[in-house]
Number of protein chains: 2
Amino acid sequence: MQDNRKKCIELAERIYDLDIEVYECVGSSLGRTFTGDRRTCVENLANLMSTRPQGHLLRSELALISNMARTIRNPQDKSRVMKKYDDILKEVESLPTSFGQGEIVDQNRAKLNTSNLRQKFSKDDHLIICIGRSQGSAGNDIGFALADALRINYYDVEIFTEVLRRLEVEKDSIRDVADLGTEIIQNKYQRGFNSVKGWRNKIKEFDRYHGLTKEDAIFFNQSDLLCKMAKEEDFIVMGRCADVILANNHIPHISIFITAPFEQRVHRIMEVNNLDYKRARRLLEKQDRRHEKYYHYYTGLKWGDAMNYDICFNSASYGIEESVDIIERMLNQNMNH
Amino acid sequence: MQDNRKKCIELAERIYDLDIEVYECVGSSLGRTFTGDRRTCVENLANLMSTRPQGHLLRSELALISNMARTIRNPQDKSRVMKKYDDILKEVESLPTSFGQGEIVDQNRAKLNTSNLRQKFSKDDHLIICIGRSQGSAGNDIGFALADALRINYYDVEIFTEVLRRLEVEKDSIRDVADLGTEIIQNKYQRGFNSVKGWRNKIKEFDRYHGLTKEDAIFFNQSDLLCKMAKEEDFIVMGRCADVILANNHIPHISIFITAPFEQRVHRIMEVNNLDYKRARRLLEKQDRRHEKYYHYYTGLKWGDAMNYDICFNSASYGIEESVDIIERMLNQNMNH
């Protein structure tokens, strides 16, 4: 403790001197950062360094000095002063009581974050990017373009459903693959198509899903498939609460949420779905609620809340192409895993 | 219209053939993507391409094919197939009715987004990064470290206050700079210090702030200063609703929000402020409410909502150092402006 105090006073002296030196080099009209007498200033600075939680105020003082130092015209002066500043900063940050301490990282979370891949992961881990998005934010377009740019697989709800149905067919060996294919296409494309299932099918479903509701069964089947795939390949997955499923199964991934201001999304929906303003608005409100409910039901978390994802993007700021570029740049250092 | 339909059918034929070719190369147990008869499949595909909003389903079909194509072992086969896929994709995206259309970018927003700097801005524009953050997320530490890494200025509330007070002193020429300096240090460091102001000061304040409340006056003074600085230098500014102020004044910038899960922030506050769990929790709840109220009062927007920022970061996923690295990588292409 005594040692720490001594170190703080020594650093305070050096900071005070640096301020004088910067002022002499730059001669700012705003005057020096420390304008009281030397003894008082040094004592105040040393107190800041040795007492929490005031340590962060020291950062402001240092920033004031370095902001000014960066305006020094003479390159030799500037480089000499900045060198001193860097040295002081490093020592201040290593003090146990100053602003340098108090890491925010959540080890469990960081351990699962693939964008730290190079340092922390084995080369058997795959690059898995989970993308959540609000309707109308072009999140799907960004995900698809990103998969294409990274040359990795892309999975959305339609693909999941199709893959699962095919796997089921293989397992059941009841119906012919070709027939099922046609049926999928009919179900998918002819939205009005209403298949009469009757009780026989309902009972069959109950058996098949071990008593779960069909929705829950689909969710758990998709989750299983997701975890299985995650062990075999790199991919991008849209929605499906994939971020939470992978986290719960301790599988490294990156979670990204893509959104855009409400009005911007309304206008995109109007254009893409050919709706008037009022209908587009209503559709969007409904879809946002549905998304929120689904995510909360399966994860207990608030959908779209920045603290639940690694990164959130505003697609209205970047557009589709630039969003892909930025995500690529972020991942850049890890692409050679 | 007739032309578009013809083009869609031609593309549908090519997609159907590509699926056959991929299946022949890879022989997946899941079978081909299109399992119905040729005529029906091609018609369905062409319909998808020519009718909105079903266009996005086509993306899933294409993804299924390319997901499979990427597993082709023979390099020549793979490169031939992927070339065909890329060509088809480009043509599909250029169709007026398929998923390629419907940009999400908000031109006004994008015009002000400095991370698009290289393409869109004059070289007189400065790199200004506005960082909002929730208490306990280490947002200030990240901002400060980022400013240091980028070698640009750093402004937080303490620095703003100090710069403004000094400018005021210059303007008023009432008190001696040295005295004020001491006073600032006293006010800042000795939090308990209670200066007796009396009516004379209150009246002086009323005059000085043109009848605004002191808080409003400070806010507007800071806003003025911010806009003035933005024309002169690169910098990072913490809080102050700087993102909205700059947007309203049509000044390019990047807005970033940094947060972390509540529990993680509580633990950081416990450590940094030396508080027990209950007190840390209460402090954080209070500060979050205060932040929210302040931001909403001056901007009308919801503080911390991902759609109000360009990018949100979860500091619990990355920690301080890695957050700085990622932001640097994102900005990378623009650093030589």
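**Exercise 1. Locate His291(A) in this predicted model and state whether it is buried, partly exposed or exposed.**

Solution. 
Step 1. The residue belongs to helix H14 of chain A, which covers residues 277-299.
Step 2. Inside 10 Å, His291(A) has 17 C-beta neighbours. A buried residue needs 20 or more, and an exposed one has 12 or fewer. His291(A) therefore counts as partly exposed.
Step 3. Setting aside residues up to four places away in sequence, His291(A) touches Ser134(A) and Trp303(A).
Step 4. Cys8(A) lies 283 residues from His291(A) along the chain, and 53 Å separates their C-alpha atoms.

**Exercise 2. Determine where Lys302(B) lies and why it counts as exposed.**

Solution. 
Step 1. In chain B, the loop between helix H14 (277-299) and S5 holds Lys302(B).
Step 2. Lys302(B) counts as exposed because it has 12 C-beta neighbours inside 10 Å, and the exposed class takes residues with 12 or fewer.
Step 3. Beyond its neighbours within four places in sequence, Lys302(B) is in contact with His296(B) and Asn308(B).
Step 4. Between Lys302(B) and Glu292(B), ten residues apart in sequence, the C-alpha to C-alpha distance is 6.9 Å.

**Exercise 3. Describe the surroundings of strand S1 of chain A and identify the strands with which S1(A) pairs.**

Solution. 
Step 1. S1(A) spans residues 128-133, and six of its six residues are buried.
Step 2. In a regular strand, side chains alternate between the two faces of the sheet.
Step 3. From S1(A), Ile128(A), Cys130(A) and Gly132(A) point one way, while Ile129(A), Ile131(A) and Arg133(A) point the other way; all are buried.
Step 4. One partner is strand S3 of chain A (residues 235-238), which runs parallel to S1(A) and is joined to it by four bridges. Within this pairing, Ile129(A) has Ile236(A) as its bridge partner.
Step 5. Another partner is S4(A), also paired in the parallel sense, over five bridges.

**Exercise 4. Trace the pairings of strand S5 of chain A, within its own chain and with chain B.**

Solution. 
Step 1. S5(A) comprises residues 311-314 and is covered on both faces: Ile311(A) and Phe313(A) are buried on one side, Cys312(A) and Asn314(A) on the other.
Step 2. Within chain A, S5(A) runs parallel to strand S4 (residues 254-259), and four bridges join them. In this pairing, Ile311(A) is the bridge partner of Ile256(A).
Step 3. With strand S5 of chain B (residues 311-314), S5(A) pairs in the antiparallel sense over three bridges. Cys312(A) there stands opposite Cys312(B).

**Exercise 5. Summarise chain A by its secondary structure, burial and contacts.**

Solution. 
Step 1. Chain A contains 15 helices and five strands.
Step 2. Of its 337 residues, 41% are buried.
Step 3. Among contacts in chain A with a separation of 6 or more, 69% involve residues 24 or more positions apart.

Methods: Residues are numbered from 1 along each chain as its sequence is written. Chains are lettered from A and ligands numbered from 1 in the order in which they are written. This is a predicted model: local features need pLDDT of at least 70, side-chain atom pairs count only at pLDDT 80 or more; totals for chains, interfaces and linings use all residues. Helices (H or I, at least four residues) and strands (E, at least two) are DSSP runs, numbered from the N terminus. Two residues are in contact if their C-beta atoms, placed from the backbone, lie within 7 Å. Two strands pair if DSSP finds at least two bridges between them.
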